[in-house]
Amino acid sequence: MKLATFSHDGRARIGLVEGSSVIDVTAGRSGLPEEMKGLIEAGPEALEAAKRLAASAPHIPLAHVKLHAPIARPGKIMALGKNYADHAAEMGGKAPDHMMWFSKAQTSVNGPYDPIPLPPVTGFVDYEVELVAVIGLRTKGVSADDALSAVFGYMVGNDVSARDWQRRTSQYVIGKSFDGHAPIGPWITTAEDVADPQALSIGCSINGETRQAGHTSDMIFSIADQIAELSQVMTLEPGDLIFSGTPSGVGAGMDPPQALKDGDVVRCEIEGLGVLEATCQATA
């Protein structure tokens, strides 16, 4: 199942994406949340109700709606650095022995097709296509063997990074948390429809030029490993997001380095999960 947050006629709600249409499963229906985090928290019964309602709910062409970030304000956004050996190498380091965690601010969330801001206070904004796991169950102290049972679904993410701010200190948070620097979507593909999150091709292009072309099997630490480690430290809650790392090919790793520019079109894609495509926009 593919679940999107969309607006049509001025009101945002949840829809089930099928082909080139979105099925409005919450319009005028009591008992189903109209916000994605609420639907996730409501559990499997709510999903089953959405499936049943889809049989008679109105279909709207995707071309006639606006797709928003599936979860507007996640409780937590945790992200893993240097989780592909080739990316660690291009950034001038070796593969880490331990997971390198940082967080992104809630206000960095952006829609799948909304402009990527290029603020004047940073001189080097970069792209990083990533597989994003969406937590579905309150989880604490889970083992890697059981960790994927906590996943509600998966989506495409772009860990947009202000490299100059990122490199000011050993802590990445501020360089990763500019407003609008976490595009996600275009929808959440539920976990039941992703047979193996470590078996997906992943890539990014800039203005039609392929920059990143990788595979999630190349992660150093798997999604299950990531959830297990995080849950030893913090309680993971429904709607939390985990950005799982990016393969090589980022602008900072090129010779010479190439920052994103006003008007650049960034396209991030993961096999079976959809596409993010956005134009970079200089801001005042």
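This is a predicted model: local features need pLDDT of at least 70, side-chain atom pairs count only at pLDDT 80 or more; totals for chains, interfaces and linings use all residues.
Residues are numbered from 1 along each chain as its sequence is written, and side-chain values use heavy atoms, with hydrogens and water left out.

**Salt bridges**

- Glu192 pairs with Lys51 in a salt bridge whose closest N and O atoms are 3.3 Å apart.
- Glu192 lies in the loop between S14 and S15 and Lys51 in helix H2 (residues 44–54), so the pair ties together parts 141 residues apart in sequence; helices (H or I, at least four residues) and strands (E, at least two) are DSSP runs, numbered from the N terminus.
- Glu192 is exposed at 56% relative accessibility, and Lys51 is partly exposed at 32% (buried: under 20% relative accessible area; exposed: over 50%; partly exposed: in between; 1.4 Å probe, protein chains only).
- Asp264, buried at 6%, forms a salt bridge with Lys261, with closest N and O atoms 3.6 Å apart.
- A network of salt bridges links Lys104, Asp126, Glu128, Asp159, Arg163 and Lys176.

**Gln198**

- Gln198 sits in the loop between strand S14 (182–190) and strand S15 (201–206).
- Gln198 is buried, with a relative accessible area of 19%.
- Leaving aside residues up to four places away in sequence, Gln198 touches His215, Thr216, Ser217, Met219, Ser222 and Ile223 (contact: heavy atoms within 4.5 Å).
- A polar atom of the Gln198 side chain lies 2.9 Å from the backbone oxygen of Thr216.

Technical notes
A polar contact is a pair of N or O atoms within 3.5 Å; within protein, one must be able to donate a hydrogen and the other to accept it, and residues adjacent in sequence count only if both atoms are side-chain atoms. A salt bridge is a side-chain nitrogen of Lys or Arg within 4 Å of a carboxyl oxygen of Asp or Glu.
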